[in-house]
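Let me put the model up and then we'll walk around it together.

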Amino acid sequence: MSADHNKTTHFGFKTVAEDEKAGMVHGVFSRVASKYDIMNDLMSMGIHRVWKDAMMDWLAPRPGQKLLDVAGGTGDVSFRFLGRAPGAHATVCDMTESMLVEGRKRAEAEDMADRLDWVVGDAMALPFADNTFDVYTISFGIRNVTRIPDALSEAYRVLRPGGRLMVLEFSQIPNDMMQAVYDAYSFNVIPVMGQIVANDRDSYQYLVESIRKFPNQEIFASMIREAGFENVKYRNLSMGIAALHSGWKI
Ligand SMILES: C[S@@+](CC[C@H](N)C(=O)[O-])C[C@H]1O[C@@H](n2cnc3c(N)ncnc32)[C@H](O)[C@@H]1O
């Protein structure tokens with residue numbers, strides 16, 4: 001039994017051994033991979049596209065930049081980045097190969113395969129050298145990571161000095177009444193939608209529970225500072241349903 005076996009963490013609302021969580025998250029995304037893009041549109045009523053565009057507006061991709069898109073899944077963020085930055089290159093890194101397979105199909109269909117690499121890897125132990133990338137993005141990924149501080153340290157390590165981190169993640173709505181309305185929607189509608197469209201209620205139950213467990217905007221901003229990033233700021237999206245966090249490796 002490993003030393004980590006005694007440590008626990010959360011998997012949605014369940015308490016699990018730390019060394020079991022990654023396998024459970026991998027199971028969720030392996031099961032949903034083929035329906036992931038369509039479910040994103042259905043669950044968010046298309047709003048995730050607006051949030052990802054807001055991410056690009058703030059990030060302002062520049063020609064020739066090297067992007068590392070961690071927990072990049074089917075590559076949605078990378079495609080947007082490349083669309084705004086001629087000559088840029090994206091590396092999509094994700095621990096679930098079946099998500100990358102879906103993304104690669106899309107890259108081929110959109111004739112962008114030569115501008116992307118697809119790498120299986122863990123956000124907490126990235127398979128890249130220090131000081132390699134201009135930009136690090138993680139979109140709807142970090143709340144699934146077992147030890148978030150380890151992922152943020154790895155982001156800092158692989159960014160070059162002057163490089164930028166940007167995180168898009170579900171967050172907390174500062175208004176209790178709005179939060180209650182949102183909870184009613186997410187806990188009652190999303191798992192049912194998951195059952196109907198992807199024939200998988202449990203994975204979508206995990207997704208909504210994991211959203212509620214993620215730290216609020218201020219706490220997450222301080223975690224980013226603790227990893228070494230400077231000039232850390234955040235912007236709420238749709239009243240705080242999601243938030244963008246930005247930080248720089250100076
Ligand atoms: C909700 S999807 C997000 C995909 C994409 N970034 C987007 O915004 O559409 C979350 C992704 O995080 C990946 N993931 C979870 N934990 C990870 C880890 N420790 N390292 C790398 N990828 C991870 C999952 O495999 C999954 O593809």
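One definition before we start: when I say contact, I mean heavy atoms within 4.5 Å. With that in hand, look at Thr 137, which, leaving aside its neighbours within four places in sequence, is in contact with Met 55, Leu 59, Leu 67, Leu 68, Asp 69, Val 70, Val 77 and Met 166.

Quick housekeeping. This is a predicted model, where local features need pLDDT of at least 70 and side-chain atom pairs count only at pLDDT 80 or more, while totals for chains, interfaces and linings use all residues. Residues are numbered from 1 along each chain as its sequence is written, and side-chain values use heavy atoms, with hydrogens and water left out.

Back to Thr 137, then. You'll find Thr 137 in strand E6, residues 133-139; helices (H or I, at least four residues) and strands (E, at least two) are DSSP runs, numbered from the N terminus. Is Thr 137 buried or exposed? Buried, because its relative accessible area is 0%. The cut-offs here are under 20% relative accessible area for buried, over 50% for exposed, and partly exposed in between, with a 1.4 Å probe and protein chains only. The side chain of Thr 137 also makes a polar contact of 3.0 Å with the side chain of Asp 69. By polar contact I mean a pair of N or O atoms within 3.5 Å; within protein, one must be able to donate a hydrogen and the other to accept it, and residues adjacent in sequence count only if both atoms are side-chain atoms.

Now the ligand. Which residues come nearest to it? Of the 19 residues around the ligand, those are Ala 71, Asp 94, Thr 96, Ala 123 and Ser 139, where near means that one of the residue's heavy atoms lies within 4 Å. Let's take the ligand nitrogens. One is 2.9 Å from a backbone N or O atom of Ala 71. A ligand nitrogen is 3.3 Å from a polar backbone atom of Met 95, and for Asp 122 it's a side-chain N or O atom, 3.0 Å from a nitrogen of the ligand. Taken alone, the ligand exposes 600 Å², and the protein buries 98% of that; these areas come from the Shrake-Rupley method with a 1.4 Å probe, and for residues only the protein chains shown count as cover. Helix H1 (18-32) and helix H2 (36-44) are the elements giving two or more residues to the shell around the ligand.

Ala 71 sits in the loop between E3 and helix H4 (76-84), and has a positive phi of about 55° despite not being a glycine. Ala 71 counts as partly exposed because its relative accessible area is 25%. There's another alanine like this: Ala 60, with phi near 50°, again a positive value in a residue other than glycine. Ala 60 is in the loop between helix H3 (47-59) and strand E3 (66-70), and at 39% relative accessibility it is partly exposed.

Over to H2 and H3. Asn 40 is in helix H2 and His 48 in helix H3. Both are buried, Asn 40 at 10% relative accessible area and His 48 at 5%. Skipping neighbours within four places in sequence, Asn 40 is in contact with His 48 and Lys 52.

Last stop, the strands. E4 (residues 89-94) and E5 (residues 116-120) run parallel, joined by five bridges; strands pair if DSSP finds at least two bridges between them. Ala 90 has Leu 116 in E5 as its bridge partner.

What about E9, residues 242-248? Six of its seven residues are buried, so E9 is largely enclosed by the rest of the structure. E9 pairs in the antiparallel sense with E7 (residues 159-170) over seven bridges, and Glu 169 has Ala 243 in E9 as bridge partner. E9 also pairs with E8 (residues 230-237), antiparallel, over six bridges, with Glu 230 standing opposite Trp 248. The hairpin of E8 and E9 has four residues between the strands, and there Ser 238 takes a positive phi near 50°.

That's my tour, thanks.
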